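Please read the following points with the sequence and the structure open beside them. They proceed from the chain as a whole to single residues.

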Number of protein chains: 2
Amino acid sequence: MPVKNYQLLLNVFLDHLEKYKAGLSSQSPKELYEPENYILSLGGKRLRPLLALIACDLFDKDPQLALDSALAVELFHNFSLLHDDILDAAPLRRNQPTVHVKWNTNIAILSGDVMLVKAFAVLQNYGFKEFKKLNILFNQTAVEVCEGQQEDMNFESAETVIVDAYLTMITNKTAVLLGCSLQMGAINAYADETDQKNIYLFGKHLGIAFQLLDDLLDAFAEDAEKFGKQTGGDILANKKTFLLLKTMELASDRQTSALKKLLKLKEKDAVKKINGVLALYQELRIKDLCLQEADKHTQLAIAYLDKINANPKKKKELKNFALGLLKRQV
Amino acid sequence: MPVKNYQLLLNVFLDHLEKYKAGLSSQSPKELYEPENYILSLGGKRLRPLLALIACDLFDKDPQLALDSALAVELFHNFSLLHDDILDAAPLRRNQPTVHVKWNTNIAILSGDVMLVKAFAVLQNYGFKEFKKLNILFNQTAVEVCEGQQEDMNFESAETVIVDAYLTMITNKTAVLLGCSLQMGAINAYADETDQKNIYLFGKHLGIAFQLLDDLLDAFAEDAEKFGKQTGGDILANKKTFLLLKTMELASDRQTSALKKLLKLKEKDAVKKINGVLALYQELRIKDLCLQEADKHTQLAIAYLDKINANPKKKKELKNFALGLLKRQV
């Protein structure tokens, strides 16, 4: 991640997180708080809390004002990973056993619940008005993330999914929390409401572009290992990504029939399956269509950022950071 | 439940709940909101929301001021039932299939998560200061309820549990939410902080007494069917109630050895097991000790209620209501 310019901000957050984690070790029952400490210690980019600090700093306010907002979004994000790992029956997270595997499902459910409650509690350090503004935004976002997760689960069993429904799903599941993180930082900086809305929309469209490019990466990455993923994993799993859904939408009768056969192939025919689907993607120029859709959202994100009344030098830094995040994806 | 004097208040809440439920039917994805509607429609005493309204009314304020606090505690209570039913692998709730059985565990986890988030959201109708005060109390209570649930799960696998730890567990799992419901109503009535604290403690000790008498009822109820429970169910399940833990604490070597043998008996020796344990309870006068402990908390509850500066007639009504709740238990 191109955090170079933001390394100081990231370090400030990491210190804050360490203090929070240190507080967990004395809390009981330990079955509830050890899993929280564990998942928070698995690492990660800490992108969401960093965005909260960056947004506060963008308006020339002390980024430390946004530290508890940053902590709240990171706790919520980790809560959602913890519960999603149960839903997906995922054995590993960052190459370590998931909480429901290392402890058990009951502990994973309940420690996730406490983490969700505590994500809201850390905002109590803010004054009345700020607390309520942060809460309304954070609460609405939390609902949307849960809705996105359910939409994603529904897609697994759905026969067909239209591309627009997919875009709504990734918006809810992934993008809104990025927008929320930025807006919370802007609230902590007492930015005006138009700027708050614009930075939210910047984050949301950045998140959509990021997820679309993540879909592309899964299918086309030449250097997949670098990203810890197997190229074609989504194809093998029949995952209804933008690429597959767009293919279903545009395919001729012949292509639809070929696709249906390919989707039925199992692990033992992995190479045949991946190559067959990739060939269809190529025939229909799906990569370009996905890049175009991602680019549309990148341009929208940048347009919203441009509108914001803030330190121009810092706006440029944030733009470069955002473009760098997306570049990592292609 | 002796709600006679409070039937009007209960009806006001039930109307409010129906409006909330009507709003759920238009929300999507339906897999998240149908389970919420379902569990809220299974009925129940609605004791917690009623307490919020009663507390607000006690200070001669319009009880409708507490309607959203009442809704919040009822949503939270139902969230906790929904997730607890997963943890306990319970097939039925109020003689209807539990959510994880009627839908599936994934949907039960995620619809519970949304319900927890929305329990906090309904408080947003209150002004800044009230919102924050309600949130701090409600959030802390939610953490304690989760801790109580985990403590309860820990007891299942623990060799021995001391009676004090049991009292802490039931305080967290059951009693604090009653105190919280009352205090939230008092906050909505702008009661002063001493009165708020006293009504919280009234509810907490009432809750402890209630749970102790519930333990007694399970072992000694002569008219068990009336309460939808099987007499001796806790004994059969080796459930570490006050009764069993006090017996373990007071038993002589001979009694300990007899108890250990009884605890190993299975379903086919149900009658022998129940009668054997009840005989030990009688030898050690456990029923009286449990009644004494419950009475101690009832007296404490009443003492806190007496201290409150509020309408004396309404205080008396609430006292009678509380004593009536406890009487149902013995």
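1. Chain A is built from 15 helices and 2 strands, where helices (H or I, at least four residues) and strands (E, at least two) are DSSP runs numbered from the N terminus. Its radius of gyration is 21 Å, close to the 20 Å that the globule rule gives for 330 residues, so chain A is as compact as a globular protein of that length. The radius is taken over C-alpha atoms, and the rule is 2.2 Å times the number of residues to the power 0.38. Along its principal axes the C-alpha trace of chain A spans about 60 × 50 × 30 Å.

2. This is a predicted model, in which local features need pLDDT of at least 70 and side-chain atom pairs count only at pLDDT 80 or more, while totals for chains, interfaces and linings use all residues. Residues are numbered from 1 along each chain as its sequence is written, and chains are lettered from A and ligands numbered from 1 in the order in which they are written. The mean pLDDT of chain A (the predictor's confidence in each residue, from 0 to 100) is 94, and 95% of its residues reach 70 or more. For the complex, the predictor gives an ipTM of 0.94 and a pTM of 0.95.

3. How is chain B related to chain A? A rotation of 180° with 0.0 Å of shift along its axis superposes chain B on chain A, with an RMSD of 0.0 Å. That is the relation of a two-fold axis. The superposition is by least squares on the C-alpha atoms of residues with pLDDT of at least 70 in both copies. Of the residues of chain B, F128(B) comes closest to the rotation axis, at 2.7 Å (C-alpha).

4. In the interface, 32 residues of chain B are in contact with 32 residues of chain A; contact requires that the C-beta atoms of two residues, placed from the backbone, lie within 7 Å. On the side of chain B that touches chain A, α2 (30-40), α4 (67-87), α6 (105-121) and α7 (128-157) of chain B each supply at least two residues. The largest share of that side, 15 residues, comes from α7(B).

5. C146(A) is buried, with 27 other C-beta atoms within 10 Å. A residue is buried if 20 or more other C-beta atoms lie within 10 Å of its own, exposed if 12 or fewer, and partly exposed in between, with C-beta atoms placed from the backbone. Leaving aside neighbours within four places in sequence, C146(A) is in contact with L32(B), L110(B), D113(B), V114(B) and V117(B). One of these, L32(B), is itself buried in α2(B), and the cover of the buried residues of α2(B) includes α7 of chain A.

6. Most residues other than glycine have a negative phi, and most peptide bonds are trans. The peptide bond from S28(A) to P29(A) is cis, with omega near 0°, and P29(A) is found in the loop between α1 (7-24) and α2 (30-40) of chain A. R285(A), not a glycine, has a positive phi of about 55°. R285(A) counts as partly exposed, with 13 C-beta neighbours inside 10 Å.
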